[in-house]
Amino acid sequence: MTETDKYYVGRCLDGHPDDFRHLVRRYQPVLLAHLAGKLGNRDRAEEAAQETLVRAYFKMDKLRKPESFFAWLLGMADLVAKEQQRKELIRRRRESIRELADEAPQPELSQDYAIEAAVAGLPEAYRTVILLRYYGGLSCNGIAEQLDVPLGTVTKTLSRAYALLRESLAQGQEVNEVQE
Amino acid sequence: MNCTECKERLVVYLEGLLDDSQKQTVGEHLNKCEACRAELEGLATLQQRLVNNGKALAQNNREDEVMNRIFCEQNARLKSAAQATAGLRLRRLIMKSSIGKMAIAAAVVLACAGGIYLWSGTQPTVALADVLVKIEQIQAFMYKMTMHMTGPMQNTLLRDAQYEMTALISNDYGMRMDINMVDPNTGQSMTQQMYVLPEQKTIVMLMPQMKKYMRMELDESMFERMQKQSNDPRIMIKQILACKYEELGKSVIDGVEVEGFQTTDPAYSGGMGDVDVKLWVDVKTWLPVRVDMSMKMNEETQMQGTLHDFQWDVPVTASEFTSIIPADYTAGPGDGLKMPPMTEKTAIEGLKLCVDLIGKYPENLNIATIVQMIQESRNSKTPEAQKLRQAVEQAKTDEERTQAIGTMMPLQMLGGFYMSLAQEKKEPAYYGNIVKPGDVAQVLLRWKTAENEYRVIFADLHAETVNAETLAQLEAGLPK
């Protein structure tokens with residue numbers, strides 16, 4: 001089924017909780033990509049994505065504009081990611097004190113998520129388009145429809161997003177090379 | 001075309017959004033220009049990485065995990081009474097699940113009931129009939145039942161649910177059943193108590209987690225049927241006696257020497273699907289020790305259950321069946337519903353409602369199919385479905401909600417009506433899978449009312465009584 005986000009949000013609020021499933025299906029990979037980029041770790045990203053969706057379900061009645069469900073969901077993911085990072089930081093501090101390790105904690109970012117990390121670093125408008133296109137399985141036309149903008153805007157945004165991504169990936173490469 | 005123009009179009013080109021002539025222009029420039037080709041290659045590589053990563057992430061879909069977490073959390077919130085009434089959304093959820101539960105309860109009761117009625121037609125052996133006589137002398141007894149149900153009639157919470165029930169049946173006071181439903185995936189459980197009270201002709205359901213109760217008033221004939229169908233081993237034995245059954249010979253269960261009887265006669269379930277019922281009787285006392293049942297209502301919906309731990313002649317007091325609703329419980333939506341009688345009139349209303357809601361007749365009148373259709377109708381876009389949805393959504397009080405739900409009752413009764421026709425061996429036949437609503441001359445549902453006499457509900461929902469010859473002609477004219 002390809003109903004709009006707004007439709008499913010309405011269904012959930014009307015007492016059909018199982019319809020939330022469609023939104024989970026639609027956005028879980030997107031959230032995962034976004035969070036993997038932010039957190040640099042697959043397991044933590046998965047946990048955070050689930051936490052985000054569960055939280056979103058119970059806060060849905062506070063969502064003012066159901067048509068902007070996705071933007072709202074990403075905002076919630078950012079909050080969850082921040083909380084997780086804070087917890088992680090505390091955990092690391094404790095550990096390092098305990099072990100008296102003088103070595104700085106290495107970022108766990110694997111090569112695999114370099115691209116997601118670059119995506120997470122994009123300004124919001126570009127990030128949204130990339131996430132929907134590659135992790136949300138939407139075509140350019142689909143994105144135009146969902147964001148309610150002309151097709152030309154979508155392709156131009158994509159174009160700019162690619163340029164930014166390539167820049168950021170190239171920089172990452174340099175950093176890696178310098179480290180090696 | 002110059003390089004700037006070309007680069008501007010590369011994304012659109014890659015996305016396949018250019019028309020043929022534009023594509024050609026870009027293609028021509030690319031042929032000539034190495035810099036733009038390199039740019040395209042760079043873009044394509046990036047795009048490919050994104051596509052691959054996207055696919056890798058999408059592959060691992062944890063949809064069920066998320067939904068389970070939501071339902072667990074929801075349950076936890078419902079259990080705290082303060083939160084249960086906190087918001088509009090949660091109130092509606094309770095309503096939804098009680099429709100679900102009502103449908104399930106009805107299906108369970110009717111399905112299991114199937115278990116009881118059927119053994120009465122073909123030359124009863126002395127043995128099995130004796131068992132019946134023996135149990136009928138008993139005033140009250142208890143048994144436990146374990147049942148596992150799979151299929152779409154379950155709401156998400158109860159998908160693949162495991163039911164544990166304890167039943168207490170008293171000749172004087174009625175029946176009480178404690179039902180515990182466990183979702184094996186999450187370990188979440190929900191309890192429910194059901195009382196069948198013959199004096200008041202009422203069924204009372206209690207939902208302790210929500211402190212809600214629901215009373216359902218039954219029509220006389222329905223009540224009798226319900227009693228018959230409530231896993232009462234007496235009725236089971238009568239039903240087995242009415243069916244073709246086989247003797248399984250001697251065996252031992254929990255150290256008790258038993259003798260078994262088995263039926264797979266479809267009449268046992270009243271046309272509900274494939275059945276297999278085995279009854280084991282203690283050879284010394286002639287009382288049942290264990291009953292194994294399995295029923296396949298359709299491809300997706302199956303039920304397997306065992307009745308065990310029978311206790312005979314247990315002491316029962318009236319108080320166990322009176323004032324059963326605790327003072328702090330409130331009426332849930334659905335309370336006060338009246339079940340319409342299982343009659344032709346109700347069946348016609350049910351069929352009409354079905355057409356109004358989803359624009360067609362049910363494929364068949366199996367209870368599982370009908371429960372599925374009721375769920376389907378929640379997404380239907382017909383005016384009638386929208387109206388009903390609106391009525392449910394806008395209902396402010398439980399009474400209004402009950403009223404909205406109540407309009408669905410005739411549809412719920414359809415399956416029961418058809419099953420009763422089959423159990424009473426009235427040769428019912430149903431053609432909803434081939435006839436379209438509105439046709440005056442085509443048979444939709446028919447059953448035998450007397451020798452050489454049939455009652456027919458036509459596809460335009462008028463009913464007539466016809467003789468066998470007319471019926472044969474009518475049925476010959478049905479679409480293939």
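## Contacts and overall make-up

Two residues are in contact if their C-beta atoms, placed from the backbone, lie within 7 Å. By that rule, residues 24 or more positions apart account for 61% of the contacts in chain B with a separation of 6 or more. In chain A, the share for residues 24 or more positions apart is 65% of the contacts with a separation of 6 or more. The model described here is a predicted one.

Chain A contains eight helices and zero strands. Read from the N terminus on, its elements follow the order α-α-α-α-α-α-α-α. Chain B, in turn, has 15 helices and 17 strands. Of the 180 residues in chain A, 42% are buried; of the 480 residues in chain B, 42% are buried.

## Two packed helices in chain A

Two packed helices are described by the angle between their axes and the distance between the axes. Helix 2 of chain A covers residues 20–39, and helix 6 of chain A covers residues 124–135. These two helices pack at an angle of about 125°, and their axes are 9 Å apart. Angles under 35 degrees count as roughly parallel, over 145 as roughly antiparallel, 65 to 115 as roughly perpendicular and the rest as oblique. Helix 2 and helix 6 of chain A are therefore oblique to each other. The crossing in which helix 2 of chain A passes helix 6 of chain A is right-handed.

Which residues of helix 2 and helix 6 of chain A meet? Helix 2 of chain A brings Pro29(A), Val30(A), Ala33(A) and His34(A), while helix 6 of chain A brings Leu131(A), Leu132(A) and Tyr135(A). Sorted by class, this contact of helix 2 with helix 6 of chain A has six nonpolar residues, one polar residue and no charged residues.

## Where chain A touches chain B

The contact between the chains takes 33 residues from chain A and 34 residues from chain B. On the side of chain A that touches chain B, the elements giving two or more residues are helix 2, helix 3 (42–59), helix 5 (114–120), helix 6 and helix 8 (151–179) of chain A. Helix 2 of chain A gives the most to this side, with eight residues. By class, the residues on the side of chain A that touches chain B are 18 nonpolar, seven polar and eight charged.

## Helix 14 of chain B

Helix 14 of chain B runs over residues 409–423, which is 15 residues. At 1.5 Å a residue, this helix should span 21 Å, and its end C-alpha atoms are 21 Å apart, which agrees. Is helix 14 of chain B largely enclosed or largely open, and why? Of its 15 residues, 14 are buried, so helix 14 of chain B is largely enclosed by the rest of the structure.

Met419(B) lies in helix 14 of chain B. With 25 other C-beta atoms within 10 Å, Met419(B) is buried, because the cut-off for a buried residue is 20 or more. Met419(B) and Asn366(B) are 53 residues apart in sequence, yet their C-alpha atoms are 7.7 Å apart in space.

## Loop residues in chain B

Most residues other than glycine have a negative phi. Several residues of chain B have a positive one. Lys425(B), which follows helix 14 of chain B, has a positive phi near 55°. Glu427(B) is not a glycine, but its phi is positive, at about 50°. Glu427(B) sits in the loop between helix 14 and strand 14 (429–430) of chain B, and it counts as exposed, with 11 C-beta neighbours inside 10 Å. Leu461(B), also a residue other than glycine, has a positive phi near 70°. Its place is the loop between strand 16 (453–458) and strand 17 (463–466) of chain B. Leu461(B) is partly exposed, having 18 other C-beta atoms within 10 Å.

Asn433(B) is in the loop between strand 14 and strand 15 (443–450) of chain B. Is Asn433(B) buried or exposed? Asn433(B) has 10 other C-beta atoms within 10 Å, so this residue is exposed. Leaving aside residues up to four places away in sequence, Asn433(B) touches Glu363(B) and Asn364(B). The C-alpha atoms of Asn433(B) and Tyr361(B) are separated by 7.2 Å, although these residues are 72 residues apart along the chain.

Key. Residues numbered from 1 in each chain as written. Chains lettered and ligands numbered in written order. Predicted model: local features only at pLDDT ≥ 70, side-chain atom pairs only at ≥ 80, totals over all residues. Axes fitted to C-alpha atoms, helices over the stretch in contact; angles between N-to-C directions. Helix = DSSP H or I, 4+ residues; strand = E, 2+ residues; numbered from the N terminus. Left-handed = near helix turned anticlockwise from the far one by under 90°. Nonpolar A, V, L, I, M, F, W, Y, C, P; charged D, E, K, R; others polar. Expected span 1.5 Å × (residues − 1). Buried ≥ 20, exposed ≤ 12 C-beta atoms within 10 Å, placed from the backbone.
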